[in-house]
Amino acid sequence: MDKPANNENNFWQNLANSPSTNDFLKGLWKDNPVFVQVLGMCPVLAVTNTAANALAMGLATAFVLLMSNVLVAALKDFIPKQVRIASYILIIATFVTITDYAIQAISVSLHKSLGAFISLIVVNCLILSRAEAFASKNTVGRSILDALGMGLGFVVALLCLGGVRELLGSGSLFGWMLFPENFQSWIVMILPAGGFFTLALWLFLINIWQERKQKTINHG
Amino acid sequence: MAEESLWQIFIGASLINNFVLAYFLGICPFLGVSGKMETASKMGAAVTFVMLISSMCAYGIHQVLVAVNAPFLQLISYIVVIASTVQLVEMFVKKMSPALFRALGIFLPLITTNCAILAVALFQTNKGYGFLESLVYALGAGAGFTLALILIAGLREQLALVKIPSTVKGTTLTLIIAGILSLAFMGFAGLG
């Protein structure tokens with residue numbers, strides 16, 4: 001009875017230490033694209049006035065990131081070095097156009113509320129930086145894991161912002177009213193200024209958390 | 001009448017719907033290059049110039065795409081035009097003024113991924129502007145971008161002399177300043 005349990009333990013340990021797990025996990029926390037690398041700020045601030053918009057934008061970006069990472073990694077031996085950035089942008093633009101039309105087909109109202117920001121995924125620095133820094137140097141498999149991790153990290157970050165802004169700005173979450181009728185909503189949170197303030201607040205909290213951790217390490 | 005509406009487009013793009021502070025476009029260079037006044041103003045000028053050229057090209061491309069009925073090529077052709085415009089500007093600046101070229105450094109090629117420029121091209125198409133209106137719109141957007149960049153750079157230069165807690169240093173502080181500036185720019189909404 002002992003042996004299988006042991007094996008299982010080993011399995012989890014191996015999984016936690018393997019490089020592929022690291023490829024996936026680093027995007028979620030250690031190298032989170034929004035909170036740590038501060039990449040792709042435009043959609044982060046612009047469309048997070050409701051949690052639903054934030055989720056849709058995050059998923060669309062993650063999809064484009066995944067597909068372009070796969071294609072860049074697969075084609076890396078065929079793309080001449082001099083024109084690689086232009087080729088990456090073309091690949092990304094193709095998938096963004098696909099996403100744009102897909103969202104329009106799924107929900108016209110969502111397409112309207114995200115507006116031009118779907119097209120602007122093309123110039124999201126996050127996608128280009130993953131293509132250049134990771135996918136162009138690694139295998140397709142690792143690039144998929146990297147894109148999944150980064151994409152998920154991006155979605156989580158957008159939800160963090162969208163959730164706070166919608167909760168305070170209109171008293172609801174995903175359209176469900178959470179506060180009683182007499183809740184005085186903070187209009188400023190759904191205005192552009194609220195986006196800046198919310199992101200500043202999250203970065204501030206993360207800074208405090210990291211400083212604490214640093215202190216305990218120093219004391220220990 | 002026509003003059004007044006052009007003026008309205010300019011004010012609208014530069015102040016009321018400021019690209020940085022109301023639409024959150026071009027945040028990356030906004031956070032990255034806004035440390036010093038000098039680089040900020042040069043960056044603003046370069047972005048405005050690329051905006052003007054790419055706006056003209058985008059207008060032409062839009063006419064062609066409408067003529068051949070291929071709207072799905074819009075995004076791809078716009079981004080190609082912007083990338084090549086930036087390349088052109090880069091070569092031009094390198095030839096004409098090597099000093100400026102060195103000062104701008106990596107930020108010159110990075111203009112390609114500045115969302116504000118693609119946004120100008122997309123918005124002017126969505127709004128159905130004519131050639132002259134597009135030009136004024138691009139000029140206004142560029143002026144607004146430069147204004148926001150210079151404002152932030154000025155504030156950040158001052159704040160560099162102040163003692164602040166380490167937890168809010170850097171991006172956090174810049175974002176808070178940007179939020180307050182954005183509140184201030186909301187006052188321009190009455191101008192429309």
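**Ground rules.** I count residues from 1 along each chain as its sequence is written, with chains lettered from A and ligands numbered from 1 in the order in which they are written. Since I am looking at a predicted model, local features need pLDDT of at least 70 and side-chain atom pairs count only at pLDDT 80 or more, while totals for chains, interfaces and linings use all residues.

**Chain A, overview.** Helices (H or I, at least four residues) and strands (E, at least two) are DSSP runs, numbered from the N terminus. Reading from that end, I get α-α-α-α-α-α-α-α-β-β-α-α. The C-alpha trace of chain A spans about 60 × 50 × 40 Å along its principal axes. Of its 220 residues, 42% count as buried; buried means that 20 or more other C-beta atoms, placed from the backbone, lie within 10 Å of the residue's own.

**Helix α5 of chain A.** I checked its length next: α5(A) has 23 residues and reaches 33 Å from first C-alpha to last, close to the 33 Å expected at 1.5 Å a residue. The expected span is 1.5 Å times one less than the number of residues. Its buried residues include Y88(A), I92(A), F95(A) and D100(A). What covers them? I found α4 (51–75) and α7 of chain A among the covering parts, together with α4 of chain B.

**Where the chains meet.** I see 32 residues of chain A in contact with 33 of chain B, contact meaning C-beta atoms, placed from the backbone, within 7 Å. Which helix of chain A gives the most to this side? It is α10(A), with twelve residues. The side of chain A divides into 26 nonpolar, five polar and one charged. Here Ala, Val, Leu, Ile, Met, Phe, Trp, Tyr, Cys and Pro count as nonpolar, Asp, Glu, Lys and Arg as charged, and the others, Gly among them, as polar.

**A helix pair in chain B.** I then turned to α3 (residues 37–68) and α4 (residues 74–96) of chain B, which pack at an angle of about 145 degrees with their axes 9 Å apart. Axes are lines fitted to C-alpha atoms, for helices over the stretch in contact, and angles run from 0 to 180 degrees between N-to-C directions. Among the residues that meet are F49(B) and I53(B) in α3(B), and Y78(B) and V81(B) in α4(B). This contact holds 13 nonpolar, four polar and no charged residues.

Conventions:
Contact = placed C-beta atoms within 7 Å. Buried ≥ 20, exposed ≤ 12 C-beta atoms within 10 Å, placed from the backbone.
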